[in-house]
Amino acid sequence: MSECSEGTWRDRLPDLVTGRLSDSDAVEVDAHVAGCRSCADELQLLRIVHAARPQVAPPAVAAIVARLPKPAIVGAEVPRPTASPEVVPISQAFSRRRPGGERWVWRLAASAVLMVGAAGAFLLTGPGTDPSTAGEPVVAVESIAGAPADPTVGVSLSYGGAWDLSEAEMQEVLASLERWDGAPSTDIETTPLVLASGGDRE
Amino acid sequence: MPDAETMRPTGSSRDATEVAVDAALIARWRSGDEQAASRLVERHAEALARFVGRQGAVDEVDDLVQETFIRAFGALDGFRADSSFRTWLFTIARRLVIDRRRAQTRRGSPVDLDDAVMASGYDMLDELVATEQGERIREAVASLTRLQRAVFLARIQDGLSYRDIAETLGTTEGAARVHYHNAVRAVKEHMHV
């Protein structure tokens, strides 16, 4: 049996069998089949196979629908999933864990540490010990800005007093301490404070 | 929002109408109309059950049909309207069948998926066996390769387009067309030997 030379007609035969053609298209294909022996034979074969579709028991629609999830209505507030862990940026993680109302405690503690360190340095070295550097207060805060990679580095202060800082410098130091707030809260109490000219002190 | 219940095919593509009706029902369901879910299930449950049965999961049809709908409705936000809802359901169902077969294999009860599909191919043609012609068609279909048979039956019995078949079976539209025509040729040759 030779096949129809026009493949597009053969491609449409299954659609005719399964009723997927529009009425006008079905008429068009029927007209072709009427004059094409090859397509007529193929159509007969396809109809036999189509008619042999397995019979299935009608599914229990109500039972299926009863188990379906409820629609999340468009525009309604969608509740946050509770099963999966909430993902928040690391920068927000600690502030979410500690309510903002407690932040002033850390600011106060950081300021106290700064003041105590500065006073200690002042007492140990005293002003004018080194004439070459007298009157040139230096506060090294390079290891304050981020969480210290080496915990023994801690906060390094050279001599000089915090009261020698200008308002802008003090704001910078406080801002650095604020960024340091990302360190685990327990580290605040145990981070050693290393004085440039003195021993370790907590 | 279009009225899904009153839509009728007016153009050249009945498929487009079916897709539009499904899209309208999905939109209604999303806006809180739970009756739309019933309509969607009614429209596709039987075809889905037939498809699942032909995948070789004859004893699990009800369970798999239900699981397929649950997964589909749970993930409707991810449904792309560029494929038909029925095709999407078939794709989910096929993956579920494969997952269950793999799980059964891991539990020590190996199931050859190819054999299962072939067996279902026999089953679906049982009604033809009573006649000599039916027996020969049954043999012809059983002699096809697994993919040829899947494409051939999806096209003739489920009425899927080549595009839908490609999406459901994880192949290309061109490959689906080739498999279909090779299958038809093989069945014809078998019938005229």
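**View 1. Chain A at a glance.** Of the 202 residues in chain A, 17% count as buried, where buried asks for 20 or more other C-beta atoms, placed from the backbone, within 10 Å of the residue's own. This is a predicted model, in which local features need pLDDT of at least 70 and side-chain atom pairs count only at pLDDT 80 or more, while totals for chains, interfaces and linings use all residues. Residues are numbered from 1 along each chain as its sequence is written, and chains are lettered from A in the order in which they are written. Chain A holds eight helices and three strands, both taken as DSSP runs numbered from the N terminus (helices H or I, at least four residues; strands E, at least two). Starting at the N terminus, its elements follow the order α-α-α-α-α-α-β-α-α-β-β.

**View 2. Where chain B meets chain A.** Here 42 residues of chain B come together with 30 residues of chain A; two residues are in contact if their C-beta atoms, placed from the backbone, lie within 7 Å. On the chain B side, α2(B) gives the largest share, ten residues. That side divides into 18 nonpolar, twelve polar and twelve charged residues. Nonpolar covers Ala, Val, Leu, Ile, Met, Phe, Trp, Tyr, Cys and Pro, charged covers Asp, Glu, Lys and Arg, and the others, Gly among them, are polar.

**View 3. Two helices of chain B crossing.** Look for helix α2 (residues 35–54) and helix α3 (residues 61–74) of chain B, whose axes come within 9 Å and cross at roughly 135°. The residues in contact include B:Ala45 and B:Leu48 of α2(B) and B:Leu64 and B:Phe69 of α3(B). By class, eleven are nonpolar, two are polar and none is charged.

**View 4. The largest nonpolar core.** A nonpolar core is a set of buried Ala, Val, Leu, Ile, Met, Phe, Trp, Tyr and Cys residues joined through C-beta atoms within 7 Å. The largest one has 31 residues, and B:Leu48, B:Val52, B:Leu64, B:Val65, B:Leu89 and B:Ala93 touch the most other members. Its largest share, nine residues, comes from α2(B). Leaving aside residues up to four places away in sequence, B:Val52 touches B:Ala57, B:Val61, B:Leu64, B:Val65, B:Ala93 and B:Val97. A second, separate core has 29 residues, among them A:Leu16, A:Ala52, B:Ile137 and B:Leu160.

Note on methods: Axes are lines fitted to C-alpha atoms, for helices over the stretch in contact, and angles run from 0 to 180 degrees between N-to-C directions. A residue is buried if 20 or more other C-beta atoms lie within 10 Å of its own, exposed if 12 or fewer, and partly exposed in between; C-beta atoms are placed from the backbone.
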